[in-house]
Amino acid sequence: MKGKGLGACAVLGVLFALLLAWATPASAWADEYVAKVGDESYTTLDDAVEKADGGSTIELLADCELTKGFNKTLTFTGGHKITINKQLTSNGEGWMCFGLYDPSRVLTFDGVEVEWNSEVGTAPWLMLSLSGTMNVTNGAKVSFTVDSGSTGSRNAIYMNAGSSINVTNGSTFEIHGYGTAGKEGQGLQLDKTGTATVNVSGGSTFLIDGTNRGYVNSPTINVDNSTFTVQNCTSNASNGGNFTASNGAKVVYQNNAGHGLSANDVVVTGGSSIVSEGNGYYGIKAQGKFLVDKTSSLTVTHNSGSGDFAGLKLQSAVTDGKVESGATVTITDNYCSGLSNNGKVVFDEGSHLTITGNMNDKGTTSNGGGIYNSGASANLTIPSDTVIYNNHAKTAGDDIFNNATSTITFPKVGSDWALDGKGINGAADDCTDAIDAWYDDASGARWEAHADSYDDVHVVKYDMGDAATKTVTGLTALKAAHGLGTVSVDPADITIYMGGTEGYEGVISDLDNGTFDASNSLPEPGFYFILPDNINQAFEEAGITSVGEAANLSDYMRIYTHGYTVDGQPVTLNWKLEKYGKTNSGANGQFIYRIVPDPTEGQEAVPVRLQFTDSDGKVYTSDEFSPSAAGALNQHYTMQLYTALVDDDQVVFEVDVPNADGSIAKYYNGMELQTGDLNIRYVTGDQDDVVTGLAASEDEVAEMAAKNPGKAYAITPEGTTYYINNSQVDVTDSAAPSLLFDNVVSDHTTEGASDYDQQLANRAVDVIANAGTTYTNPWYEAKYLDLVDANNGNVWLKSSNSVTVYWPYPAGTDENTQFQLVHFEGLNREMTNGEISGSISSAKACTVDVENTPYGIKFTTNGFSPFVLMWEGKGEQPAPEDTTKPSKPATGSLAQTGDNTLTIIAGVGAAGVACLGAAFAIKKRSE
């Protein structure tokens with residue numbers, strides 16, 4: 001019983017297992033099936049494809065491989081991957097022909113992944129011949145990899161007339177090339193031009209990468225809200241067709257050895273963008289419709305490295321090209337013309353166009369680095385705020401070239417543009433100076449502002465008129481650049497005393513013919529030079545100066561004429577700079593210079609010519625003037641270079657700045673004439689009577705006094721420095737420091753004056769009385785003292801040390817006479833005649849210690865102006881007319897006046913001939 005029972009159980013177990021097997025659904029064995037068509041499942045995809053009727057949907061149950069081609073409408077779905085690793089064939093051909101004989105057939109990849117690889121070494125020249133439609137949708141990814149074999153003529157997809165590829169709803173379509181360099185096969189090729197379509201939409205991605213050519217024979221391509229990229233092709237990325245990007249499409253053509261985007265129509269709308277970068281030929285080429293709407297953009301950069309093409313090429317068939325207001329087009333750093341136009345194209349006002357850094361050295365004639373506008377149909381309009389500069393062309397028109405039959409409308413240059421210092425292929429060429437206008441840049445007459453010789457300088461400004469843009473038809477070659485710099489020639493203000501005998505030998509005596517006096521009493525002029533900012537920056541970059549410092553231009557600047565003729569013969573005049581004194585001016589931190597003739601051998605030494613003009617426009621050649629006529633004790637004259645015989649553009653200020661590599665950067669400049677002020681203070685006596693040179697010691701004073709006992713003398717300590725006026729210009733080495741010892745202005749010394757000397761004396765009596773000394777019969781002598789440079793038109797000097805003066809004993813006095821000396825501080829001759837009385841009464845008057853010596857009354861002072869010497873006299877004072885004898889103060893009270901300066905302006909001489917002229921003075925310039 002026991003064995004029998006066990007046997008029964010075993011039978012029942014087997015039967016139960018069979019029942020379970022019969023009852024188990026097919027899905028339990030799904031790991032053996034890879035595809036399903038309707039209710040029928042298949043273990044190979046080949047079987048499923050073969051058994052499926054046209055129009056069927058094949059559901060993938062697992063990743064699988066396809067080894068047989070087909071030609072019927074099928075949809076693949078299911079989310080798995082299809083791998084194709086061999087050449088598929090159909091319709092008796094050596095490749096898979098889809099849609100052949102029935103182009104309505106549709107191949108759909110719905111949410112699946114397809115990896116389609118060409119078979120290495122196989123003979124067929126294409127992978128898929130498409131006559132129908134291929135749909136890649138709902139997140140599907142289809143990737144072709146085409147091998148070149150040995151010929152490079154393989155095609156991933158050969159599109160026949162009427163065929164289309166649609167990539168939609170977040171899907172991805174890719175074609176990759178590999179194999180022998182330059183023979184990587186084609187991406188897409190059409191059998192007939194313009195008969196197939198590629199649509200990419202719904203956030204999808206389309207990529208052709210590394211094939212020989214991307215797509216060939218002009219397909220129509222529409223990219224909507226998707227990305228579309230063709231890159232790394234070893235020939236053209238594209239070839240013709242119509243291209244539309246819409247609704248935020250992002251299109252990239254990059255690093256292709258041939259053309260980037262080459263199409264008939266190029267239409268970019270709805271916030272879309274196209275970037276074409278690093279392609280060997282045209283970046284973007286359109287030869288039909290061209291439109292960039294107000295929300296969209298083009299970026300074209302680093303193209304045309306392999307030939308004579310352009311960044312953006314618009315051909316003559318573009319008859320109504322439009323870039324709308326708000327659109328952005330950026331064309332930069334292409335290796336040929338940035339924009340080459342043969343059609344009619346308008347960049348609307350308000351569009352944003354940038355064309356910079358393009359370098360055209362291609363071809364035998366390479367014109368228009370930025371824009372090349374060429375042909376009878378060429379009519380280009382760009383907006384008023386176009387940024388177009390720092391482009392370069394080998395032959396002509398760095399930035400704009402418009403040929404003889406073309407029309408272009410272009411704007412003025414921008415306010416903040418500057419040159420980049422580069423040339424063709426990045427070679428150092430241009431400067432880095434600011435751009436100020438358009439300049440002629442024609443073949444054989446290229447713009448050049450920094451040539452090694454001024455003969456090679458070509459700086460001709462293009463007249464833009466007053467409008468924001470200008471339209472021109474005909475040959476025009478332009479560069480956004482700069483003119484020659486301008487050096488401001490600024491005569492330094494100066495104060496002198498009338499009566500100097502050793503003056504400047506270039507003061508104009510005849511304005512009509514430019515003749516000048518060989519010698520006169522006017523001072524040698526000194527000049528400030530205000531340089532353009534770029535030269536100051538060059539000095540800083542060369543380490544010659546620090547920020548805010550002035551360079552010593554005598555080492556770096558020369559002046560000469562160019563194009564100047566005399567009697568029809570060219571004449572070159574040369575000048576150099578010499579520092580005026582040892583130091584720069586403390587007034588404004590700049591050096592002051594003399595302009596000195598620097599003739600070449602056999603050349604005449606022609607001084608710069610000066611003109612001195614009064615407020616009525618009268619020109620002077622000497623420092624003589626009449627205080628009574630002027631109504632003042634000083635007179636002001638305007639100083640300026642005389643340039644009537646030389647045009648401003650015939651005078652060149654050349655500044656040579658050494659570069660770090662040892663070369664010289666040359667800056668050529670014109671001139672801008674400024675005016676200086678010559679202030680001449682009146683002197684009552686003759687030069688020989690009132691001016692004496694300073695002595696070196698008291699012994700020398702003794703010698704001088706022995707020869708001329710009636711004169712005043714002065715000495716200064718050894719090492720004293722002398723400065724012009726109140727400046728820091730040290731002229732110790734060149735000056736003849738002298739003491740001016742002049743009578744005080746009065747009615748018996750100066751026509752039109754009053755009894756100013758007696759007013760001074762009356763005030764001095766009060767000052768002395770306040771100091772404790774009173775006089776019964778006071779006599780006085782009033783004198784005006786100062787330091788002057790007798791070698792330079794009696795220029796007023798300041799000394800670094802106190803001056804010791806020896807005042808000669810007045811008549812009737814000697815060493816035994818007791819003297820009091822009063823100094824009226826600040827009463828320089830800088831006032832009108834009517835102001836003198838008030839100035840005397842209000843001036844600060846102080847007693848000065850004196851010492852009687854054999855050589856005169858000795859005292860030491862740090863400042864000059866009127867002094868009154870007083871002593872107790874006998875009898876009546878001499879008559880005022882007898883100016884050789886002292887006078888007695890008048891009695892009575894004096895009107896109290898203010899503490900002003902008395903200064904004389906003397907008549908000053910005028911004008912000069914060749915090129916420059918001015919006078920010297922120390923003042924702080926607003927510049």
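Trainee: Which residue forms a salt bridge with Asp-742, and how far apart are the closest N and O atoms?

Mentor: Arg-829, with the closest N and O atoms 2.8 Å apart. Keep in mind that this is a predicted model.

Trainee: What makes that pair a salt bridge?

Mentor: The cut-off is a Lys or Arg side-chain nitrogen within 4 Å of an Asp or Glu carboxyl oxygen. Asp-742 and Arg-829 have their closest N and O atoms at 2.8 Å, so the pair qualifies under that cut-off.

Trainee: Why are Asp-742 and Arg-829 called buried?

Mentor: Buried means under 20% relative accessible area. Asp-742 has 0% and Arg-829 has 2%, so each counts as buried by that limit.

Trainee: What does the Asp-742 and Arg-829 pair tie together?

Mentor: Asp-742 lies in strand β65 and Arg-829 in the loop between β69 and α8, so the bridge ties together parts 87 residues apart in sequence.

Trainee: How about Lys-858 and Glu-698: what makes them a salt bridge?

Mentor: Their side chains meet at 3.6 Å, N to O, and the cut-off is within 4 Å. Lys-858 sits in strand β72 and Glu-698 in helix α6, so this pair ties together parts that are 160 residues apart in sequence.

Trainee: Are these two buried or partly exposed?

Mentor: Partly exposed. That class runs between the 20% and 50% limits; Lys-858 has 23% relative accessibility, and Glu-698 has 31%.

Trainee: How many salt bridges does a search of the whole structure find?

Mentor: The search finds 16. There is also a network of salt bridges linking Asp-398, Asp-430, Asp-441, Arg-446 and Lys-479.

Trainee: Why is α7 called largely enclosed?

Mentor: Because 11 of its 15 residues are buried. Among them are Tyr-756, Leu-760 and Ile-768. The buried residues pack against β66, β69, α8, β70 and β73.

Trainee: And the open sheet of 8 strands: what makes β24 and β43 its edge strands?

Mentor: The order is β24-β27-β30-β33-β37-β41-β45-β43, with mixed pairing. Strands β24 and β43 each pair on one side only.

Trainee: How do you know that β41 and β45 pair?

Mentor: Pairing needs at least two bridges, and 3 bridges join β41 to β45, running antiparallel. Phe-401 stands opposite Ala-477 in β45.

Key. Residues numbered from 1 in each chain as written. Predicted model: local features only at pLDDT ≥ 70, side-chain atom pairs only at ≥ 80, totals over all residues. Heavy atoms only, no water. Helix = DSSP H or I, 4+ residues; strand = E, 2+ residues; numbered from the N terminus. Buried < 20%, exposed > 50% of the residue type's maximum accessible area, 1.4 Å probe, protein only. Contact = heavy atoms within 4.5 Å.
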